[in-house]
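Please read these points with the structure open beside them.

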Amino acid sequence: MTDADLENLTVQDLRELRARVDDAIRAQIARSRPSAMMSGASVAAPAPSVIDLERERDAWQARRR
């Protein structure tokens, strides 16, 4: 998608696009977590079906400080 395509979208279209991108990111994170857990020595609880990206970001920022 080009900048020109984005400029022609309505606010509702942009919100829907953002929601689809967020869903795709969550799905990718969810798919990557079980494989990372299997390689570890301990067994952790299953990953939640919905990932709070803001909480994940805040935790990452706190670890970086």
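1. Leu14 lies in helix 2, which covers residues 11-39. This is a predicted model. Leu14 is partly exposed, with a relative accessible area of 36%. Together with Met1 and Leu6, Leu14 forms a nonpolar patch on the surface, and the three have about 290 Å² of accessible area together.

2. Side chains of opposite charge can pair when their charged atoms come close. The structure holds 3 salt bridges.

3. Asp23 pairs with Arg26 in a salt bridge, with 3.8 Å between the closest N and O atoms. Both residues lie in helix 2, 3 residues apart, or about one turn of the helix. Asp23 is partly exposed at 48% relative accessible area, and Arg26 is partly exposed at 23%.

4. Arg33 forms a salt bridge with Glu56, and their closest N and O atoms are 3.1 Å apart. Arg33 lies in helix 2 and Glu56 in helix 3 (residues 53-64), so this pair ties together parts that are 23 residues apart in sequence. Arg33 is partly exposed, at 24%, and Glu56 counts as partly exposed at 28% relative accessibility.

5. Arg57 and Asp58 meet through their side chains in a salt bridge, at 2.9 Å from N to O. Asp58 has a relative accessible area of 38% and is partly exposed; Arg57, at 44%, also counts as partly exposed.

6. The protein chain has 3 helices and 0 strands. Of its 65 residues, 2% are buried. The chain exposes about 5,800 Å², and carbon and sulfur atoms supply 54% of that area.

Notes:
Residues numbered from 1 in each chain as written. Predicted model: local features only at pLDDT ≥ 70, side-chain atom pairs only at ≥ 80, totals over all residues. Heavy atoms only, no water. Helix = DSSP H or I, 4+ residues; strand = E, 2+ residues; numbered from the N terminus. Buried < 20%, exposed > 50% of the residue type's maximum accessible area, 1.4 Å probe, protein only. Areas by Shrake-Rupley, 256 points an atom, 1.4 Å probe, with all protein chains shown as cover. Patch = residues over 30% accessible without salt bridge, like charges linked within 9 Å, V, L, I, M, F, W, Y side chains within 5 Å. Salt bridge = Lys/Arg side-chain N within 4 Å of Asp/Glu carboxyl O.
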